[in-house]
Structure formats: structure tokens, C-alpha cells
Amino acid sequence: MLNHVAPAETADPAYTRLYTLGSVAAWIAAVLIVGEVLALAVYPQPGTIRGWFLLFQRNPIIGLVDFWGLEVLLYAMFTLVFLALYVALRRFNPSRMLIALTLAVLGIGIFFATNNPFAMLTLSDQYAAATTDAERSLFLAAGQALLANTNQRAVGGFNLGLLLVSAAGLIVASVMFQQDSFSSRTAWVGIVAHALSVADYLRQALTSSTLIALLLILPNALFLVLWYASIGRWLYRRGRLERPVRSSLRSTS
């Protein structure tokens, strides 16, 4: 009897709210991915630092979104999602889930350290207010450095964060096969989604072809949306199912 109660008590009582937060974060992540794809399709990114400054001056909101501003919130959602998944799945494979959580946290940290759309907005305002060519050249150089730091290239810190989060997603999806509450379809969607993310990382190192980029980015976004939507539903149901577990444990004590 004691052996039966202990696993449930370890898995459930303290984490119901985390499951709820993780489910909401996963749904928000799915919406943000769709929003970013649509925004970049409607408002293509400028090709030069002057173009970025002009975009920020003309429409700061579009500038922030184009400069991966939605991903600031997206990566914050990743934090909650991976924490909730770690708690939910660690019993099935503790070592793999710990590795996945570590990779995710490292990737999220790298993203926040190398992606700051508000800094570009500030530089744009300073460039617009500059009164001499020397000042404008200074702000252009600073903007170019910031753009290089957040550039979506395989050698850049921005995509290194994406690579680590994608690797974490692959590991989590592989652990899903070890338990019954996830369907194998959800696990396979996670495998495909994050494998495409890793492939896109490698694509940027090997080719600049727009066609190849679209062939990877569009299905990648679709599978990521499906995966996070499924994760959100599963975490929500898990949180609801585990409330009675905590109550029953208290009533028997």
C-alpha cells in the first residue's frame, strides 16, 4: 500500500499549477509561431542596417516583430513548457529528461543573451536624432554589430540557441514513446518538428537558397504548431486529472 501511494505523491501534488502554466505556455507558443510566420511573410525583413533603421522609424511595432520580437515571448514560453515536461516525464527516463531540460535552458539563455530587438529600436532612434555624418556612421556600425549578433546564421548565437532547444525537443519526444498517456503520433510529430529545426540550422550553414529555406521553414512551423498544441492539451488534462489524486492522498492521511 505504501509503495503504491509514494509514486503518485512524488509525481503529482506540487505540480498541478506548473502543468496548467505549461499547457497555456504551449498554446501561446503555437500561436506565436503562426504569428511570426505570417508577419515575416507580410513584412519581409530589410537587407541592410539602414533598411532596419528606416523600418523602425516608420513603424516601430513592425520593426520589433520583424527583428524576432515575438520570439522573445516565445522563448519565455519554452521555459515553462520544458519545465512542465521535465516534471511530467522524468519518471520514465530521468537522465534523458535532465539532459533535455539542461539543453533547453542553455538554448533559451543563449537566445536572450544574443537577441534584443529593443536595442535595435534605441539605435534607430539615436540614428534618426544624429546631426552629423560621424554620429550616423557610429550608430550604423553599432547597429551592424547588433544585427550580426542576432543574425540567423548557423555560426550565430541566435541559432545556436535554436539548435539546443531543438535537440531538447528531440529528446523529450523520444521519451514520450516510453509511456502510454501520449499517443505515438504526438511523439512522432515532435520528432519530425525538431528534426526539421535541426535541418534548418544546418541549411543555413550550407546554402542560402530561398527555395530550400521555404521547403524547410514552412513544414517545420506546421509541425511545431501541431506539437505544441498537442503538448498544451496533454499538460492541461494531466493537471486536471491529478487534482483528485492530491485530494485522495489528503483524505487517506
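This is a predicted model: local features need pLDDT of at least 70, side-chain atom pairs count only at pLDDT 80 or more; totals for chains, interfaces and linings use all residues.
Here is a short walk through the helix packing in this model, with a stop at its confidence and its aromatic rings.

The average pLDDT for the protein is 86, and 87% of the residues reach at least 70.

Now turn to helix 5 (residues 69–89) and helix 6 (residues 94–114). Their axes lie 10 Å apart and the packing angle is about 165°. Angles over 145 degrees count as roughly antiparallel, and helix 5 and helix 6 are therefore roughly antiparallel to each other. Their crossing is left-handed. On the helix 5 side, the residues that meet helix 6 include Val72, Tyr75, Phe78, Phe82 and Tyr86. Helix 6 answers with Met97, Leu98, Leu101, Ala104, Gly107, Ile108, Phe111 and Phe112. Sorted by class, this contact has 16 nonpolar, two polar and one charged residues.

The model has 13 aromatic pairs, and one of them joins Phe78 to Tyr228. The pair is stacked, with 5.4 Å from centre to centre and 20° between the planes. Tyr228 belongs to helix 11 (residues 210–252), so the pair ties together parts that are 150 residues apart in sequence.

Helix 7 contributes Ala119, Met120, Leu123, Gln126 and Tyr127 to the contact. From helix 8 come Arg136, Phe139, Leu140, Ala142, Gly143, Leu146 and Leu147. The classes here are nine nonpolar, two polar and one charged.

Helix 8 has another partner to follow. The axes of helix 3 (residues 49–58) and helix 8 come within 9 Å and cross at roughly 95°. That angle falls in the range of 65 to 115 degrees, and helix 3 and helix 8 are therefore roughly perpendicular to each other. Ile49, Arg50, Trp52 and Phe53 of helix 3 meet Phe139, Leu140, Gly143, Gln144 and Leu147 of helix 8. By class, six of these residues are nonpolar, two polar and one charged. In helix 8, Phe139, Leu140, Gly143 and Leu147 take part in the contact with helix 7 and also in the contact with helix 3.

Technical notes. Residues are numbered from 1 along each chain as its sequence is written. Side-chain values use heavy atoms; hydrogens and water are left out. Contact means heavy atoms within 4.5 Å. Helices (H or I, at least four residues) and strands (E, at least two) are DSSP runs, numbered from the N terminus. Ala, Val, Leu, Ile, Met, Phe, Trp, Tyr, Cys and Pro count as nonpolar, Asp, Glu, Lys and Arg as charged, and the others, Gly among them, as polar. pLDDT is the predictor's confidence in each residue, from 0 to 100. Axes are lines fitted to C-alpha atoms, for helices over the stretch in contact, and angles run from 0 to 180 degrees between N-to-C directions. Angles under 35 degrees count as roughly parallel, over 145 as roughly antiparallel, 65 to 115 as roughly perpendicular and the rest as oblique. Rings of Phe, Tyr and Trp (its six-membered ring) pair if their centres lie within 6.5 Å; planes under 30 degrees apart count as stacked, over 60 as edge-to-face and the rest as tilted. A crossing is left-handed if the near helix is turned anticlockwise from the far one by less than a right angle, and right-handed if clockwise.
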